[in-house]
Amino acid sequence: MIHEYAVRLTNVNTRVGRLSRGEGAIVAEDDIRFGELKRTCLDVRRDIVRMIHAGGSGHPGGSLSAVELLVALYGSVMRVRPEDPDWPERDRLIVSKGHASSALYAVLARSGYFPEGDLLTFNSPGSRFQKHIDMHRVPGVEVSSGSLGQGLSVGVGMALADRMDGRARRVFVLMSDGECQAGQTWEAAMAASHFKLGGLIAFIDHNRLQTDGAVDDIMSIHPLEDKWRAFGWDVRRVDGHDIRQIIDAARAACRTGSKPQVVVADTVKGKGISFVENSVAWHSHPFNDQEYQAAMEELGVSSLARGQDSHVPTE
Ligand SMILES: Cc1ncc(C[n+]2csc(CCOP(=O)(O)OP(=O)(O)O)c2C)c(N)n1
Ligand SMILES: [Mg+2]
């Protein structure tokens with residue numbers, strides 16, 4: 001199932017590999033097609049720019065920083081069935097940083113949950129694809145989010161419920177570094193280790209920026225790894241734009257027993273577009289027509305393709 005799913009995500013026909021779920025192995029080595037996942041990341045970045053341009057509003061910075069994390073999780077780690085979003089045995093991902101909605105919608109669309117063409121309704125009145133994510137309207141979304149600092153608590157509740165129900169599925173949480181300033185995050189972290197929630201795996205999009213400036217300047221969260229360890233978590237650190245590192249860390253996190261797992265992913269806010277990268281101003285910012293053109297060119301979409309592209313949202 002995972003293999004089928006990864007194939008759909010990357011829009012290619014590939015050979016059928018062997019799926020191994022023993023001892024936390026998620027998918028056979030030769031099924032992990034890093035090049036294809038990287039191309040999917042590029043497609044997703046284009047989708048994000050299109051959506052925010054079309055919708056006239058959105059959060060480019062924190063959406064672009066999370067692309068590899070989302071593509072790696074949906075493409076090669078999580079057990080899900082896009083054609084059956086409510087499959088009871090599925091793994092769940094809580095996107096706690098709900099303003100990264102455009103990235104999540106694009107990855108869900110490219111995974112087969114809904115047509116990619118629908119994405120261009122982003123932020124329109126009546127569209128299900130609003131700037132913050134709605135679990136009641138978007139297939140594949142597990143938890144509505146946008147109010148920061150709550151996702152890890154929801155993850156703790158889900159993992160406890162799974163234990164009570166005797167289910168072996170995993171709960172993933174995608175958080176921001178800014179959320180590590182929230183007291184609720186640390187209450188949840190303490191509860192997770194107290195209740196030995198080994199199936200709870202958090203990823204922190206460590207892009208070092210928040211709305212008003214650098215996380216370090218607003219309120220430092222360091223030493224971040226030591227803090228999580230002190231709260232009883234296993235900690236891994238990866239380059240959050242390196243698909244292989246992300247998948248390796250996720251696999252290792254899935255193999256452990258009773259300790260909750262966190263992966264600190266070093267990322268660049270706005271990754272992939274030079275004038276958006278590392279820019280506080282582009283945390284929440286629309287693309288005007290000129291910026292849209294410049295961004296798409298940096299993402300390898302030519303003027304001709306771009307003209308067609310406004311009607312055909314896939315490459
Ligand atoms: C509880 C709450 N307070 C304030 C906001 C407004 N807000 C939106 S994004 C953001 C912070 C963005 O920085 P970070 O959390 O690090 O996210 P990322 O850098 O990944 O975009 C804030 C404060 C919010 N969404 N929720
Ligand atoms: Mg941040």
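Analyst: Here is a walk through the ligand site, the sheet, a helix and some backbone details.

Analyst: The model is predicted: local features need pLDDT of at least 70, side-chain atom pairs count only at pLDDT 80 or more, and totals for chains, interfaces and linings use all residues. Residues are numbered from 1 along each chain as its sequence is written, while chains are lettered from A and ligands numbered from 1 in the order in which they are written.

User: Which residues are closest to ligand 1?
Analyst: Gly62, Leu148, Ser176, Gly178 and Gln210 are the closest. The shell holds 20 residues. A residue is near a molecule if its C-beta atom, placed from the backbone, lies within 6 Å of it.

User: Which elements give two or more residues to that shell?
Analyst: α3 (60-64) and β4 (209-210) do. Helices (H or I, at least four residues) and strands (E, at least two) are DSSP runs, numbered from the N terminus.

User: How many of the shell residues are nonpolar, polar and charged?
Analyst: The shell has 13 polar, 5 charged and 2 nonpolar residues. Ala, Val, Leu, Ile, Met, Phe, Trp, Tyr, Cys and Pro count as nonpolar, Asp, Glu, Lys and Arg as charged, and the others, Gly among them, as polar.

User: Now the sheet. What is the strand order?
Analyst: The order is β1-β2-β3-β7-β6, in an open sheet of 5 strands with parallel pairing. Two strands pair if DSSP finds at least two bridges between them.

User: Which strands stand at the edges?
Analyst: β1 (92-95) and β6 do. Each has a single partner strand, so one side of each has no neighbour in the sheet.

User: How many bridges join β6 to β7?
Analyst: There are 6, between residues 234-239 of β6 and residues 261-266 of β7. Arginine 236 has valine 263 in β7 as its bridge partner.

User: Through which helix does the chain cross from β6 to β7?
Analyst: Through α10 (residues 243-255), in a right-handed β-α-β crossover. Right-handed means that, with the strands pointing away from the viewer, the path from the first strand over the helix to the second runs clockwise.

User: Switching to α2. What is its span?
Analyst: Helix α2 (residues 34-55) has 22 residues and reaches 31 Å from its first C-alpha to its last. That is close to the 32 Å expected at 1.5 Å a residue; the expected span is 1.5 Å times one less than the number of residues. Glycine 56 follows α2, with a positive phi near 75 degrees.

User: What about asparagine 123: what is its phi?
Analyst: Phi of asparagine 123 is positive, near 70 degrees. Asparagine 123 sits in the loop between α5 (101-111) and α6 (151-165).

User: And where is asparagine 278?
Analyst: In the loop between β7 and α11 (289-298). Phi of asparagine 278 is positive too, near 55 degrees. Asparagine 278 is partly exposed, with 17 C-beta neighbours inside 10 Å. A residue is buried if 20 or more other C-beta atoms lie within 10 Å of its own, exposed if 12 or fewer, and partly exposed in between, with C-beta atoms placed from the backbone.
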